[in-house]
Structure formats: C-alpha cells, structure tokens
Amino acid sequence: MLTPTAYLTSHAPELLLTKPAILQIATAFQTDLQKALAHHPSSLKALPSFLGVPTSQETGRYLSVDFGGTNLRVLDIELYGQGRYTIHAQSKVSLANAGNIDCTASACHSDTLFDFIAQQIADIAQPSMPYNLGHTFSFPSHQIDRNQATLLHWTKEIKTTGVVGLDINQALHAALLRQNLPNICPVVILNDTVGTLITAAYGNPAADIGSICGTGHNTAYLEQRPPNAPGPMFINLESGNFDQLPLSRYDCLLDAQSDKPGEQRLEKMVSGRYLGELLRLAALDLLHNTVPKDLFLQPTAAPWSLTAEQVAAWLLDQSAIAAWLQERMKLILPEQLAALQLLANRLCTRSARLVAASHIGILRHIDPALEKNHHIAIDGSLFEKLPGYQEAIRQALTETLADHAGMVTVGLCKDGSGVGAAIAAALATASRNK
Ligand code: GLC
C-alpha cells in the first residue's frame, strides 16, 4: 500500500509536460501535418474546406446551424462587414435532453437526426423568407466543394446510424423539404474549427489558426499553398486523432474502455468529453493503491459520470464536489482528496500544454522563422471556462517560443463556429453569384 503522497510522487510526473516534451510533440505534429498535406499516411488529415480568407466585406442575413454532438444551435444572423454582426434570433438545445433523439445510440437513425435539426430550424426561420444557410458540422468529413461533404466517421462517441457516407447538406436539404421549408437553402458546410477561424479572420487579418477546446478538440489553419487549389485555404487537420503522445496509465485505461480504442488519442487526452473520465480513472487507481484490500469499498460512480464542469468547479473550490467524491468514489481521507485535486490540476494543465504543442507544430509549418504576427482563435467550454486553461496555453507558448512569443496572440472566439457558418454562407453566395 502507498500513502496518497507516495502515490503522487510515483504517478503524478507522468502527467507533467516539460518544455522539451512540448517541443518534441510539436516536431512530430509538424511532420504529420506535412505528411497529411502530401497524402502520405499520417495520424492527421488535411481536409480542404474550399473556403479562403473573408474580405471583411461580407454582408447579409443568413441562417446558421451548428451541430457538434453536444448541442444544436440555430442562428438567424445578419452580417454588416468588418467583423460586425447581429443575431436576430437563436435557439440552443442540448442533445442530451432532446426528447426522442439520442444520437449517441446506434438505434438513432439519420432521418430522425436530420428531421430534428430541420424542426429546430423551422422554429427560428421566418416563414417564407428566403434564406441561404451555412452548416457547421463538427465531424471529420470528406469535402469535394463548399457544399458537398460526406461524413467519414463519427467522433465524440456519437453513433447515429446511416450518416457515414451521406452527403450531409443533401440530407439536411431533404429534411427541410419534409418540414415544408423550400425557402431555406443550405449553401455551405464547414467544420467548427474552420468556422471559428473564419469568424476571427473576419475582423483580424492575423488570424490563421482556429481551435476548438470543448467537448471535442481539433484545429484548422490557413494553408497558403494547398495542394490542387489556386489560393490560400482553411484546412481541417482533425488533430484530435494525432497519436505521437506520451501516454499515462490513465490514458491507456480510458482508451481501452472507449468506443474506438486507438483513435482520437489527442482528443482523449485533451477534451471535455474525456477529462472527467480521466479523473475518475485516476481516482480509482489512487484508491486501489492507497486502500488495503480488506477496507476497499467499490466506488459507485459509473464510467463517464464525472463531467468536465464538475472538474472545473472543483478546481475553483475545494469543497465543490467533495461530497460526490466521498460518496460515489469512496475517497474518504483528506490526503486522498488533496492528491486527486493535484492530479486534476495536472490533467487540465497537460490538456492546455498539448494544445499549445500542436499550435507550435502548425506555426513551424506556416512560418518557420516566426517573422509574422499570428492569432490563434479558440472556442469551446474548456478554453472559456476551465480555471487557468487560457493562461496555461499562453504560458506554454511563451516558454517554447521565447523571444518570438510576442508574435503570437491567443484569444477566445466566442460562438465562432456558428457565426462562421454565416460568413461562409456569404462567401459561398458571393462566389456563386460571380
Ligand atoms: C471532434 C471532431 C472534429 C471537431 C472537434 C471539435 O474532434 O472530429 O471535427 O472539430 O470534435 O468539435
């Protein structure tokens, strides 16, 4: 048996990401990015968005749908140019409380999902007003133009059947017609990372990297010389699948019990879908190592029952989930709780430092000597709400970029994925009308 302090001494270092480790990950990330661009085997993808930098002159009224797996958001939005916009109406439903639909179950079928999305759109759209619609669909998709994308595979533990291989906007269009909404026309489909980046670029010409740090994790960037394209284009890396990473015992346990072992390794170390579960597994391991067998009480907290929100609350206030940890995880001793809180801190800081490492990999690809200004736009609940998360990303960049750190800014791009769909719809409509 170990004391909680001895447990920490032997296991907490696994979660530390030193500066050399960050640099090593950044190098491997850059290599994988370049392999993906060259269509060589890689854990990253280089999925073209067929969207380039907005001119900032994009204007008009659009509908935007943002489907990411946790929530469904619909916006009726008016763009005025130069980064300015107004949201006329919006709705947000959590897919966890969405009546008869549970997209995490394979019993849910594609028509049910798209009918549900179309119903939410019907609630926001003005009857018979013509709309062009931008669709943020936050899953790996093979795109052949701005409006044609097929789902490659689900991530974030979504299992709805019949969607893989479907032309997503065609399916949405068919559902809109079933809802008797011929006035709404999907004109563009994009990843949430691209939406975030396009929103930031609408008002800031230095924006060239966009990430989501929320339920899922992924990054897109602006490629100046995309293969087979005439000019700069936003590329979705599906970086949640990056796999050259120093794994801890908790990562291996989590991966083994996940829906798709071996996949989305970076996302499983970083994102909100997994942070709570990583901590529950850490608590279990701590218990097994610090409680003698004859005193061991089996915890009753089910897998996935500890959420990232709870972790965030606990980081701020020691007492926030202490009762939960005592009753459901059987962590009784104050030293066990203190040890677990340190592990929670380490897991959250590690998440931020891994994200920063991937950004450094991208920066090295787009500007090896770091001669230009870059802005990294990030949206998502972890970046917005997890205590210390933003600072940890900035700190990692400062540590590793040293004298050049001033060339790189990082900022929240709130609701960027939804707003970006409207800007992309404006871009798509403008090029169609040319
Ligand atoms: C998952 C999806 C990716 C998305 C990210 C953030 O990693 O595969 O497409 O961008 O989650 O929502």
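Modeller: The following account describes the nonpolar core and then a few residues considered individually. This is a predicted model, in which local features need pLDDT of at least 70, side-chain atom pairs count only at pLDDT 80 or more, and totals for chains, interfaces and linings use all residues. Residues are numbered from 1 along each chain as its sequence is written, and side-chain values use heavy atoms, with hydrogens and water left out.

A nonpolar core is a set of buried Ala, Val, Leu, Ile, Met, Phe, Trp, Tyr and Cys residues joined through side-chain atoms within 4.5 Å; buried means under 20% relative accessible area, exposed over 50%, and partly exposed in between (1.4 Å probe, protein chains only). The largest such core has 82 residues, and L340, L343, Y389 and I393 touch the most other members. Helix α11 (residues 334-366) supplies the largest share of this core, 15 residues; helices (H or I, at least four residues) and strands (E, at least two) are DSSP runs, numbered from the N terminus. Beyond its neighbours within four places in sequence, Y389 is in contact (heavy atoms within 4.5 Å) with C213, V270, C348, S351, A352, V355, L382 and F383. A second, separate core of 35 residues includes C103, F114, L172 and I184.

In soluble globular proteins, nonpolar side chains tend to be buried together. L253, in helix α6 (residues 249-257), is partly exposed, with a relative accessible area of 43%. S56 lies in the loop between β1 (47-48) and β2 (60-67) and counts as buried, at 12% relative accessibility.
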